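Subject: Structure handover

Hello,

The structure we spoke about is below, with the sequence. My notes on it follow directly after.

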Amino acid sequence: MMSFSSSHPVVDLLTSLMSIVSTSELEHEIGIFLEQRLQSLGYTVERIPIAPGSTRHNVYAYLGSSRKTRLLLTAHMDTVPPHIPLTIEGDIIRGRGSSDDLGPLAAQIVAAEELRKEGSVRSEGDLALLFVVGEENGGHGMIAANDMGISWEFGIFAEPTESKLAKGHKGQVAFELISYGIACHSGYPHLGKSATFALLAVLNDLSTATWPESDLLGPSTFNIGTIEGGEKHNIVAPSAKALCEVRMVSDLPGIKDKVAEIVSRHPDVELKFVFEYPEALLDWEIDGFEAAPVAFGTDVPRLKDEYCNKRVLYGPGSILVAHGPNEYIRIPELINSISGYKKLVLHFLQQ
Ligand SMILES: [Zn+2]
């Protein structure tokens, strides 16, 4: 059953976006769609490869000829697998990307259109839209945005925050521990060296270490995500490894040093850092908006302060259904977020 609101422009746009498979690495088609849509709305659109020669590209749109604008609206085009086709039931849109992040992305485009029609933004220099690849898979799209040669005074990042301004979120340091032993008959363990014992020892030290806390974001936490190792119950294990992370609230370099120091006490264990981004602290005291910290990571800290100093994170939908089989967004919340984005744009442009 279709409801009254399913004929709203933001619903039409989201329906088109969700009909395209856009899982990370497969963002080409949705990028082309957005490029054509934004061109048809009168924007100047640039297709920006995320590395020289790369076929993966971000989409950057602005009015007129000035690439540099005061404010940036930005969202990610990629979604997590598997693609889940769209269905609409009453006031609920279900399917992959409905809340993370194509619903918030569609609301940003419609908000920009309404502001243009109302004459609230200048014909150039006020506002640009940047849609990036790879947020769900390492952030290569937003990292590439640091090389655009542009800085913005204000950035409005779209993610499903239940229409609250995010006060900030933790950062993340992920690392692999690889332990090397010597296999032998387990009846004579003194003839070998156990990689699993060595790994457990370092994991124990990491588990009992203390990490920074913050009033806003709470404690940094350590997690052992995976452990594997050994061959058989009667063989002293020749190798073992674990994949771990610290969800951190401050001092990313200090945390990496501490992890390295702890691991260095265990000569048979090697450390490889695989992934990191710092915590995000955001501007969030704005009249008319509720604010709350969030517990998920975003592209916000990947765009360096020097290129975008004041940042907010806001969007319709809930992260609690994102990445799961039952992802959805409520149409009334999606529509309301358009005025949320407009309010934020005007709040910043009036500064
Ligand atoms: Zn997202």
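Ile 329 counts as buried, because 31 C-beta neighbours lie inside 10 Å and the cut-off for a buried residue is 20 or more. Ile 329 belongs to strand S19, residues 328-330. Leaving aside neighbours within four places in sequence, its contacts are Ile 93, Ser 98, Ser 99, Gly 103, Pro 316, Gly 317 and Leu 334. Pro 160 is 169 residues away from Ile 329 in sequence, but the two C-alpha atoms are 9.2 Å apart in space. Please keep in mind that this is a predicted model.

Overall figures

The protein chain has 351 residues, of which 43% count as buried. It contains 7 helices and 19 strands. Along the principal axes, the C-alpha atoms fill a box of roughly 80 × 45 × 40 Å. Of the contacts between residues at least 6 apart in sequence, 78% join residues at least 24 apart.

Two packed helices are described by the angle between their axes and the distance between the axes. Both values are given here for two pairs that share H3.

Helix H1 (residues 9-18) and helix H3 (residues 102-117) have axes that come within 9 Å and cross at roughly 135 degrees. The two helices are therefore oblique to each other, and the crossing of H1 and H3 is right-handed. On the H1 side the contact is made by Pro 9, Val 10, Leu 13, Leu 14, Leu 17 and Met 18, and on the H3 side by Leu 102, Gly 103, Ala 106, Ala 107, Ile 109 and Val 110. By class, the residues of this contact of H1 with H3 are 11 nonpolar, 1 polar and no charged.

The second pair is H3 and helix H7 (residues 331-349), with axes that come within 8 Å and cross at roughly 55 degrees. H3 and H7 are therefore also oblique to each other, and H3 passes H7 in a right-handed crossing. H3 contributes Gly 103, Pro 104, Ala 107, Gln 108, Val 110, Ala 111, Glu 114 and Leu 115 to the contact, while H7 contributes Leu 334, Ser 337, Ile 338, Tyr 341, Lys 342 and Val 345. The contact of H3 with H7 has 9 nonpolar, 3 polar and 2 charged residues.

In soluble globular proteins, nonpolar side chains tend to be buried together. Here the largest nonpolar core has 69 residues, and those with the most contacts inside it are Val 10, Leu 14, Ala 106, Leu 129, Phe 131, Ile 156 and Val 312. H3 supplies the largest share of this core, 8 residues. A second, separate core has 22 residues, including Val 173, Ala 198, Ala 240 and Ile 255.

What does Phe 131 touch, leaving aside its neighbours within four places in sequence? Its contacts are Leu 34, Asn 58, Val 59, Ala 75, Met 77 and Leu 105.

Two further buried positions

Leu 72 is in strand S3 (residues 71-76) and is buried, with 24 other C-beta atoms within 10 Å. Not counting residues up to four places away in sequence, Leu 72 touches Ala 128, Leu 130, Trp 152, Phe 154, Gly 155 and Cys 308. From Leu 72 to Ala 111 it is 39 residues in sequence and 13 Å in space, C-alpha to C-alpha.

Ala 145 is in helix H4 (residues 140-145) and is buried, with 25 other C-beta atoms within 10 Å. With residues up to four places away in sequence not counted, Ala 145 touches Asn 58, Leu 130, Val 132 and Leu 303. Ala 145 and Tyr 60 are 85 residues apart in sequence, with their C-alpha atoms 9.6 Å apart in space.

Backbone points to check

- A cis peptide bond joins Pro 81 and Pro 82, with omega about -10 degrees; Pro 82 lies in the loop between S3 and strand S4 (87-89).
- The peptide bond from Asp 100 to Asp 101 is cis, with omega near 15 degrees; Asp 101 is in the loop between strand S5 (92-94) and H3.
- Glu 25 is not a glycine but has a positive phi of about 85 degrees; it sits in the loop between H1 and helix H2 (28-40) and counts as partly exposed, with 15 C-beta neighbours inside 10 Å.
- Ser 163, also not a glycine, has a positive phi of about 60 degrees; it is in the loop between strand S7 (152-158) and strand S8 (165-166) and counts as partly exposed, with 19 C-beta neighbours inside 10 Å.

Regards

Note on methods: Residues numbered from 1 in each chain as written. Predicted model: local features only at pLDDT ≥ 70, side-chain atom pairs only at ≥ 80, totals over all residues. Axes fitted to C-alpha atoms, helices over the stretch in contact; angles between N-to-C directions. Helix = DSSP H or I, 4+ residues; strand = E, 2+ residues; numbered from the N terminus. Parallel < 35°, antiparallel > 145°, perpendicular 65-115°, else oblique. Left-handed = near helix turned anticlockwise from the far one by under 90°. Contact = placed C-beta atoms within 7 Å. Nonpolar A, V, L, I, M, F, W, Y, C, P; charged D, E, K, R; others polar. Core = buried A, V, L, I, M, F, W, Y, C linked by C-beta atoms within 7 Å. Buried ≥ 20, exposed ≤ 12 C-beta atoms within 10 Å, placed from the backbone.
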